[in-house]
Amino acid sequence: MIVPSSIRAFVASHNSNLEFTSLAKLSSGNLLAEVDLHRAVASLKLRQDKKASMGQFLTPASVAQLMVEMFNRLDLPEISLLDAGAGIGSLLAAFVEKVCQHRQQTSSLRVVAYEIDPFLIRYLHQTLELCERECQRVGISFNYEIRETDFIEDAVRLLQMGLLNSANATEFTHAILNPPYLKINAHSKVRELLRSIGLETSNLYTGFMAATAQLLKPSGEFVAITPRSFCNGPYFRDFRKMFLEMMALQQIHLFESRQEAFSDDDVLQETIIIKATKQRQKFSSVIINTSFGANDDLLMSHSVPYLDLVHLDDLEQFIHIIPDNISQQIVQRIELFTCTLKDLGLTVSTGRVVDFRAKDYLRENIENDTVPLIYPVNLSNGYVEYPKITKKPQAIVHIEETANLLIPNEHYVLSKRFSSKEEKKRVVAVVYDANQFNYEYVGFENHLNYFHKDGRGVSLFLARGLAVYLNSTLVDAFFRLFNGHTQVNATDLRKLKYPSLSQLLLLGTGFKEEFPSLQEIDELIENQLLSMSNLSENNPIATKSRIDEALQILTQLGFPRAQLNERSALTLLALLDLKPIDSWQLATSPLIGITTMMGFMAQHYGKTYKPNTRETVRRQTVHQFLDAGLIVANPDDLSRPINSPKTVYQIENSALELLRTYGTDEWEKNIRTYLASVETLKKQYAQEREMSRIPIVINGEIKTLSPGGQNILIEKIINDFAPRFTPSGKLIYIGDTDEKFAHFDAAALADLGVNIDSHGKMPDVIIHFTTNNWLVLIEAVTSHGPINPKRKKELEVLFRTAEIPLVMVTTFLSRKAMVAYLAEIAWETDVWVAEDSTHLIHFNGEYLLQAYQIENKQTS
C-alpha cells in the first residue's frame, strides 16, 4: 500500500514532538506502509539546509516499490543485500517485503545498511526490526548489520584489503541505492579515496554507485535511483567507462515530471532508475520504461538495442536513452547530419565575463571607454536586444585589465547555458549581428555559449543558418533525449551533429530580416534539408508538435497540472481521431473506449503503453475530462454503467466545434465563449444522466446511484439485505461506480475508531449493526472479485483501528455469478445472493454473520 499524500496532514495534526517509537504500534500487516509513515515524519523533521548539505532525499514508498519490482533473482537460497545510503531504510524494507511475498522464498536474507546520520539511524533500527518480524512471519532466516560509518571509506578499505577474496568475503547478491547527491571538492578526502579505486568524479552519487557495483558478486543485481546527469557530459566520463565495463544495463525508468519522484522535496535534478547486472557481456537490448511519476500506473515501454544505447565508437561512452519510436525517429533524422563543429571549422566556448569576478569593471549602462556586455536576458526573438532595461549591467569597461574578457565585435551565434526540462525550449540560440553595434569589442557573460571561428566571428548568413538549426524542434527534441541536467554545456553542443556548411548557408538565406517562428523554422529544416531523405514520410517533428498543441489546448481550457502531460494530450487526440499530419479542422467525434484509445496512441503517435495500465487513463485523464464537460460517457446508451467494459466516450459537440478552430483567427474568441458556457453544458448532460440513475433512500433522504453495474446490486443490499440481516443498522458508507461515494458518514466511522480519507480501497457498503455492535463490510461483486484472502487482509489493515469486531460479506446478483468465485472466497466471511435474499452462506463458522477476532491484532 502506498501511503497517501495526505500523510503531511496526519503528521501536522499530531503533536509536533511526535516520536518515532509511537509509530511502531501500527499493525505489522503492511511493512512498507509503516516505514513510509516513518519517512514522512523524519522528512518533515529534517532541516532543509541539512538535506542539502548532506544530499539527503528520503525515498517515498511509491519509488521504493517501483525499484524492487526490477529485481529478478529473488529465489536464491541465500540473499545478501547492500543499501549503501540507507536513510530510514525505505528501500531495504521494500526489498524485504518483496522477498517475503515471492513464490519461491529464499531461506536466508542478510542486509547490510550504511548510515552516518544519528537522527536517521534511530528510524533505521526500527525499520530493520520490522523487517525481521516480517521475515519471521514467513519463515525466512534474517540477520542485519547497521554500519555507522562512511560508506566510501569502508568500501575502499574492503576493496584495498582484498577481503572480497578471503573466506569472510563481504560480497552481495543484490544492491539497492538512493545515493546522496553532493558535489565533492577536487582536494577532498572522499575524492582521494575514490581515485584510489580508479574513479575520478565530481559528485558523491557516482562514487556510491561505483563502489556499490564493485562490492557486488558476479551476476549480482544493482538497482539505483539517481540523477540522470551521469549519462552524458565530461564530468562523469570516468564513471561511465568504469561502470559500463563491469555492469550490463538491463532496464531504465524515466519520469516525465522532475517533481513527482521526490514530491516532498525540492529536487531540481531529473532522476532515473537504472537496473544493471554485474557481468561484462552486455544484453542485446535494454528496456526503457516511462511514467509521469512513481504513482502513475501508466507505463510506456520501449526496447532499445544496447548498441543504440551506448555506441561502440564513442570514447565518451554517452548513454543515449531512447524512450519510444518517435524518439528513435528523431535520432535517425539527426544522424542524417554528419558534420561536427570541427568539420565546419567552428568551435563553441563559454562567455568569458564572470560578473562577480569582474564586478569592479561592470557598468549599468554604456559610458565612455565601455563596450556592450551581453547576458542571457538580452536574447530575444532570434537576435540580441540591446540595451535592455534590466538589473543586469549592460556594459563593461574596456581597459588592459579586461582585454582578455572581450572578443572582436563580429557576427556570432549565442546560446543560453542553462535551461530546465520544463522550459518550452532547452536550446535557445540567437544571432549576434555585429552591424547593430558600433563598437570594436563586445563581452559575453559566462551564462552564455558563443559559436566562433578561431576566436573570431563568422559570416552573417552562416550565423543565421546555425541559429535556425539550433532553434529547431528537431534539435530541441534530440537534446532532451540525452541531457539530464539543467546545463547546455559547450561539450554537449560539440557532440551534436550539424548540417554541412552549404546547408547552413541555405538556411541562413531562407528568411528575411525578421527571425522565423518555430513553425517556419521546422518547415525550413523539413523542406530544405530533409525533403530528399527516405525519412520524410514519418515526421516525428509533426508528431511532437501535435502533442504540444494538444497540451496547449488543455492548458487554455484550464485543466490542472496533473492533467497537463503527454498522457492527457494523447487521450484528447485519440478522442478526436486526429493524426499528426491532420489539420485540426478534420477533428471528429467517434465513440471510443480506453483500449481503442491506447491502440491509437501506439499506431499514430508511437507511444506504446503496457496493456494493464489502461485504468490509469480512465482514472487520471478520462474521469477529469468528464468532470470538465469536455467529453460525455455512453451517449449511445445512457443506462450503460460507467464501469462497464463496453463503456465508450465521445467529445462533446460544443467542444468539437471549438477544437476545429484551433490555429485559426477565431480560436481566441471561440475559447472565451466556450469557457463562459461550459458550466451550462455540464448541467445539461448531468440532467440527462440523472434521469437514468437508481434511487435509494438513506435516513429518509432520496439519493441516487449511477445506472447499471454493481449499483443494481448495491440497491438490493440496501433494500433487501440490510433490513433482514442488520435490522436497525446504521448505513455509514455507500460507494458508486462513477468513483464518487453516494453516502459517507465519516463522523460515525470516526466514532468507531476509523479515520479513512481514501475511497479507492473502501468496500462498497459499510453498515454499523448496532444491535450486535459489529462493523459490517460488504463487497458487491459484478465486475471485480470477492473478499478473497488478499482483499480480506487489505480490509483488516484498512480498518485495523476499529474498536468493534468486523464482519465481511461478499454479495452476488445470482448463484451463477457466485459459482465463478467460490474457490476464491476467504474463510470466516459471509456470502449473500440477491436472488435468494432470505438465505446467507457462512464460510466455516458456527453461526451466520459471525464476528471474529483478527489474529495478533494490535490496538493503537
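Predicted model: local features only at pLDDT ≥ 70, side-chain atom pairs only at ≥ 80, totals over all residues.
Reader: How many residues does helix α20 have, and what span should they give?

Author: Helices are DSSP runs of H or I with at least four residues, strands are runs of E with at least two, and both are numbered from the N terminus. The expected span of a helix is 1.5 Å times one less than its number of residues. Helix α20 covers residues 594–605, so its 12 residues should span 16 Å, and this agrees with the 16 Å between its end C-alpha atoms.

Reader: Which residues of α20 are buried?

Author: Buried means under 20% relative accessible area, exposed over 50%, and partly exposed in between, with a 1.4 Å probe and protein chains only. In α20 the buried residues are Ile594, Met597, Met598, Phe600, Met601 and Tyr605. They lie on the same side of α20 because they cover an arc of only 155° around the axis, the arc being that of the directions from the helix axis to the C-beta atoms. The face turned away from this buried side carries the exposed residues Thr595 and Gln603.

Reader: Where is aspartate 343, and what does its side chain reach?

Author: Aspartate 343 is in the loop between α12 and β10 (347–350), and at 53% relative accessibility it counts as exposed. The side chain of aspartate 343 reaches the backbone nitrogen of threonine 340 at 3.0 Å.

Reader: How many aromatic pairs does a search of the whole structure find?

Author: Rings of Phe, Tyr and Trp (its six-membered ring) pair if their centres lie within 6.5 Å; planes under 30 degrees apart count as stacked, over 60 as edge-to-face and the rest as tilted. The search of the whole structure finds 31 aromatic pairs. Among them, phenylalanine 230 and phenylalanine 239 are edge-to-face, at 5.7 Å centre to centre with 90° between the planes. Phenylalanine 230 is buried, with a relative accessible area of 3%, and phenylalanine 239 is buried as well, at 1%. Tyrosine 386 and phenylalanine 437 form a tilted pair, 5.6 Å centre to centre and with 50° between the planes.

How values were computed
Residues numbered from 1 in each chain as written. Heavy atoms only, no water. Polar contact = N/O pair within 3.5 Å; in protein donor to acceptor, adjacent residues only side chain to side chain.
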